[in-house]
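Please open the structure in the viewer and keep the sequence at hand.

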Amino acid sequence: MSNRTLLLLFDVDGTLVDSAGSGSRSVRKAVEALHGDASVFDRVQFAGRTDMVIVSDALRLLGVEPLPERLEEVRLLYLAKLASELEAAGDRAKALPGVTDLLARLHVDPCFQTGILTGNWSDGARMKLSHCGIWHFFPFGAFGEDGPERERLVGPALERAGAWSGRSFRHEEVWVIGDTPLDVRCGIENGTRTLAVATGPYTRSQLERAGADIVIDAIDTATDLEAMLLDFH
Ligand SMILES: [Mg+2]
């Protein structure tokens, strides 16, 4: 067994949780309430992208310039809608199978440190993960406020990991874990390892083609995931 500690940076939607559509419904409702039309979201890609960019795209399609104050207005209304959507979703918004068990094991294993790396605005990520009972496993993270593109979130995540743990992680000790080719690209561009899980909108072969170091079908069906990560060279 190695004496290294690996830093695992988890994406939220499709990787840790299935929010039963509450995230996308909330952002649609917020934009519809403020700008009168949410149909443009049919032409906006959600998976793997930051909330800021998703909303900016929608506003542009509506002919509205995505000024910072307009984005902030959407963010605040989105968070209010998300609270009620999550409450309405109840048990349908949940941690994906095997996730809670994995996080509980990692939490007490000195070989691993867990953090979040997500395009969700931080308050939205906290609400989704709290609803699913797994927020307390993540002492730090990088979120949608930290940069428009996912690639830019690794730097802040590493800084916070260092501040939290009092040690620095080399890039080959960092795993970016997500369910989309954009998560994989984010890891590759930052020189980290990448673990892709096919529990979101992308298939195993799409994630393999994106270049992930390891692809698994799902967290609950992966055999000895921790050993797979520790033994990877
Ligand atoms: Mg995702």
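How far apart do the C-alpha centres of domain 1 and domain 2 lie? In this predicted model, the two centres are 24 Å apart. To see the division, select residues 6-19 together with 93-230 as domain 1, and colour residues 22-90 separately as domain 2.

Next, turn to the place where the domains meet. Here 22 residues of domain 1 are in contact with 16 residues of domain 2. On the domain 1 side, select α5 (122-131) and α7 (181-189), the elements that each give two or more residues to the side touching domain 2. Of these, α5 gives the most, with five residues. Colouring this side of domain 1 by residue class shows seven nonpolar, nine polar and six charged residues.

Now select helix α4, residues 99-107. Which of its residues are buried, and which are exposed? V99, L102 and L103 are buried. These three lie on the same side of α4 because they cover an arc of only 95° around the axis.

Finally, display what lies over the buried residues of α4. The covering elements include the strands β3 (94-95) and β4 (112-117). Helix α9 (225-230) is also among the elements that cover them.

Technical notes
Residues numbered from 1 in each chain as written. Predicted model: local features only at pLDDT ≥ 70, side-chain atom pairs only at ≥ 80, totals over all residues. Domains from an automatic or database assignment. Contact = placed C-beta atoms within 7 Å. Helix = DSSP H or I, 4+ residues; strand = E, 2+ residues; numbered from the N terminus. Nonpolar A, V, L, I, M, F, W, Y, C, P; charged D, E, K, R; others polar. Buried ≥ 20, exposed ≤ 12 C-beta atoms within 10 Å, placed from the backbone. Arc of directions from axis to C-beta.
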